[in-house]
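Have the structure open as you read.

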Amino acid sequence: MSTYFSDASFKFLRGLARHNEKAWFEAHRADYEAHVRQPFLRLITDLQPALARISPHFRSDPRTVGGSLFRIHRDARFSNDKSPYKSWQGARLFHERRREVAAPSFYVHLQPGESFVGAGLWHPETHTQRKVRQFIFDNPGAWKKAAHDPKLRRRFALDDSEVLSRAPRGFPAEFEFIDDLKHRNWAFLRPLDDATMTGPRLRATVEADLVTLAPFVDYLCAALDLEF
């Protein structure tokens, strides 16, 4: 089994976090290419066959423009933090119709001590939130099977970084899954330690995680009238 990332990958990202400036990045661009960007593009390429077996409508796309890999450059136009670079690298395995409508995605994140894999909807717009909530309310049995499956819950946790303090308007407080309706994001995540990220079983680990996450993503696709 091949490896993708190494201690050098984390060394570069730690250095970038400490020296988040263009001059430092340009001086270390070769390290970024060799130890972060190119290995991630190889991983993205290698994940596509497994992803295609899960769903023909999702893409693990290694194109350098418009593909799965996020840019290392930050969009700081609307942020008080004007640092030009992210101190992490991430990839979104996306639905083929993502440019047409809101769609869930699978995600892999590389960051020293904070790497993770996950899937779901992140920061959906208000009308998308309403659509998902209504679908969960109308289809609670399928939601229980998809989002409360013991195999999923043993390995993954539903992100709780943005949760309403009370039941969303129009839904009864006694609904079985009212706590799930309070979420603004519906994404299951689990951490991957540095040893896993740099080890020979990274690809197999991520592929197995994609399979575990697939029924949840399938449910979100149904909620949004998307093929899976």
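A pocket here is an open set of points on a 1 Å grid over the protein atoms alone, where a 1.4 Å probe fits, with protein on both sides within 12 Å along at least five of seven lines; lining residues have an atom within 4 Å of a point. This is a predicted model, with local features needing pLDDT of at least 70 and side-chain atom pairs pLDDT 80 or more, while totals for chains, interfaces and linings use all residues. Residues are numbered from 1 along each chain as its sequence is written, and side-chain values use heavy atoms, without hydrogens and water.

| Largest | about 760 Å³ | F70, R92, S105, L121 and W122 |

The largest pocket is lined by 26 residues, and β4 (116-121) gives the largest share, five residues. That lining splits into 15 nonpolar (Ala, Val, Leu, Ile, Met, Phe, Trp, Tyr, Cys and Pro), five charged (Asp, Glu, Lys and Arg) and six polar (the others, Gly among them).

Now the helices. α5 (residues 140-147) and α9 (residues 202-223) pack at about 150 degrees, axes 8 Å apart, so they're roughly antiparallel (angles over 145 degrees). A142, W143, A146 and A147 of α5 meet P215, F216 and Y219 of α9 (heavy atoms within 4.5 Å). The residues of this contact are seven nonpolar, no polar and no charged.

Key
Axes fitted to C-alpha atoms, helices over the stretch in contact; angles between N-to-C directions. Helix = DSSP H or I, 4+ residues; strand = E, 2+ residues; numbered from the N terminus. Parallel < 35°, antiparallel > 145°, perpendicular 65-115°, else oblique. Points joined across faces, edges and corners; volume = space filled by probe spheres on them.
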